[in-house]
Amino acid sequence: MASVDYRSLAADILREVGGEDNVSSAVHCATRLRLRLKDEGKADTAAIEKLPGVITVMKAGGQYQVVIGNDVPTVYAELSRITRFGSEDAGAGSDAPAQGNLFNRFIDMVSGIFTPMLWPLAGSGLFKAFLTMATTFGWIKATDQSYIILAAAADALFYFLPIFLAVTAARRFKANQFTAMAIAGALVYPTIVALAAEGKPVAFAGIPVVMMNYTSSVIPILVAVWLLGYLERFLLKILPSAVRNFLVPLLCIAIMVPLTLMTVGPVTTFISAGISNGVSAIFGFAPWLAGAIMGGLWQVFVLFGLHWGFVPLMATDLATLHYSIMFGPVVPAVLAQAASMLAVALRSRSAKRRAVAAPAALSGFLAGVTEPGIYGVNLPLKKPFYFGIAGGAVGGAIAGMGGSAATAFVFPSLLSLPAFSQVGSFAVLMLGVLAAVLIAFLLTFFFGPREQADDDAATAAQEPAGPAVAADGNITVLAPVTGAVVALADVPDKVFASGAMGAGLGIVPEEDRVYSPVAGTVQAVMKTGHAYGIKSDDGVEVLVHIGIDTVQMKGEGFVSAVSRGDRVEAGTLLATVDRAKVLEAGYDTTTLMVVTNTKDLTAVVPLAQGRLTHGVPALDVEL
């Protein structure tokens with residue numbers, strides 16, 4: 001397919017399916033451009049199948065699938081250049097139907113939006129932790145100009161978080177990134193922040209506006225950008241092309257900023273005020289229950305921006321009583337999440353995950369900054385987040401019973417504990433903290449997700465491995481999994497079964513680990529973790545596709561152990577898959593292995609029938 005003009009191919013496909021207006025979404029998997037069409041009757045399938053570079057077209061799962069082969073990422077990138085359907089940065093499969101319950105889908109969305117900024121978040125969080133340590137031990141004073149400059153550098157990402165989130169959210173929701181940033185910038189604009197701090201009545205065009213502080217918030221800008229995507233697409237359709245380029249962003253900014261302030265602010269403020277007043281009342285007759293609520297749900301409140309409802313009450317208590325009892329249970333809540341991060345850092349065999357979890361745990365313990373670990377570790381893995389909530393609830397209940405309170409407005413952390421030593425029982429607070437940390441750490445360590453190593457060469461060395469080159473000089477491709485062999489013609493996917501993607505075989509797996517069938521270079525890794533393309537040292541291109549139509553799972557149940565460009569040996573771990581989750585979602589677990597450049601080779605012959613073990617010869621390739 002070297003002679004194919006991918007830009008022309010993308011434009012031709014778009015034209016033959018009825019144009020951009022007939023396409024609801026476009027994503028790609030390892031071999032196929034997956035389109036959701038509003039009216040499939042407008043698509044000229046026969047014409048598309050005749051296009052140079054198209055293997056075939058199939059319709060399945062409500063999708064119009066144009067089979068391209070290994071070059072589908074290039075075609076998708078060209079399609080992204082001429083449509084609204086995003087880019088490779090948005091991640092393949094981002095528009096596939098979401099799986100799981102509503103909360104899990106929400107977590108996946110938020111985690112995906114935060115993923116591109118994980119390292120800056122982790123670095124800034126660690127920076128804040130070191131600054132906190134420096135002021136605690138008197139190495140630098142908070143009034144020093146040097147500290148002010150360093151604090152601004154460490155805190156900027158968190159303070160202006162809505163602006164950064166606007167970029168990744170715009171990619172996710174198919175909105176203009178710079179318009180989204182302009183809206184986010186308005187939310188954290190100094191005069192808007194000042195209006196919220198003054199607490200005086202605010203009105204827009206005579207309509208009362210309930211102000212809130214949007215700095216460091218998450219949900220408001222995500223909702224705003226989600227709505228922005230719809231507004232932009234509507235305006236692009238109705239406005240004439242002569243004025244569209246400048247009127248669309250003008251109208252979007254002019255509409256969305258007041259709309260966000262008049263809707264998200266009041267709703268969030270109303271909910272947070274109700275929760276904070278309710279918790280405050282519970283402290284009067286059942287401190288342990290209020291402590292359990294604060295300790296268990298504090299990070300959830302932060303996630304939705306509802307924690308701002310507690311800030312005025314805490315500030316009022318500090319001003320009038322010189323202490324705030326609502327602050328006490330927050331310490332176990334924060335440290336419990338940090339403990340979950342620490343358990344992941346110690347337990348996970350994934351070097352990539354440990355690299356995020358370790359500094360995130362340190363910033364959580366020392367500075368009370370949990371965002372890097374929440375969005376980069378605990379939320380994506382889900383169980384550590386839940387275990388952190390459990391530990392925080394128990395520790396918060398204990399702290400509530402002890403009447404623990406803060407005498408200063410601080411970030412709850414190990415270094416800020418002296419602020420909690422003057423009111424209530426400090427010993428009981430320490431007991432609550434210990435309980436929260438132990439519960440979260442032990443539950444995560446022993447029952448958290450069992451991630452595998454990024455490179456499992458040591459394990460591969462213990463597995464059976466067939467020769468890479470047979471005695472007659474042909475290349476031997478090994479079985480990637482253990483299980484029952486299925487002839488390629490019998491697999492329930494007509495594209496693979498037809499041999500259009502190349503010769504090979506299917507294996508119904510009996511294990512959750514998938515290994516490299518050849519030694520070579522990883523050329524493609526789907527972000528959903530279900531497909532891997534490897535080019536052997538001898539030029540044989542092998543596609544390992546885990547399950548059938550599993551791209552629809554959006555990566556749930558799949559954990560990649562390699563990245564594009566990695567060097568692998570025959571038997572290196574490629575991925576782990578939760579087969580039970582795949583079956584529960586209604587998908588076939590059959591793992592397909594095909595040689596995608598079969599046409600360039602003399603022959604590709606399956607060697608096995610019945611059952612085989614991973615690492616034994618499965619295909620004989622004659623160059």
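I first looked up F558 and found that its bridge partner is V577 in β16; strands here are DSSP runs of E with at least two residues, numbered from the N terminus, and helices are runs of H or I with at least four. I note that the model is predicted, that local features need pLDDT of at least 70 and side-chain atom pairs 80 or more, while totals for chains, interfaces and linings use all residues. Residues are numbered from 1 along each chain as its sequence is written, and side-chain values use heavy atoms, with hydrogens and water left out.

I then followed β14 and strand β16 (residues 573-577), which pair in the antiparallel sense over 3 bridges; pairing requires at least two DSSP bridges between two strands. Both belong to an open sheet of 3 strands in the order β10-β16-β14, with antiparallel pairing. Because β10 (513-515) and β14 (558-560) each have a single partner strand, they stand at the edges, and one side of each is left without a neighbour in the sheet.

Next I turned to helix α1 (residues 6-16) and helix α3 (residues 72-82), which pack at an angle of about 65° with their axes 8 Å apart; the axes are lines fitted to C-alpha atoms, for helices over the stretch in contact, and angles run from 0 to 180 degrees between N-to-C directions. That makes α1 roughly perpendicular to α3, a term that covers 65 to 115 degrees, whereas under 35 is roughly parallel, over 145 roughly antiparallel and the rest oblique. In contact (heavy atoms within 4.5 Å), I listed residues of α1 including Y6, L9 and I13, which meet residues of α3, among them V75, L79 and I82.
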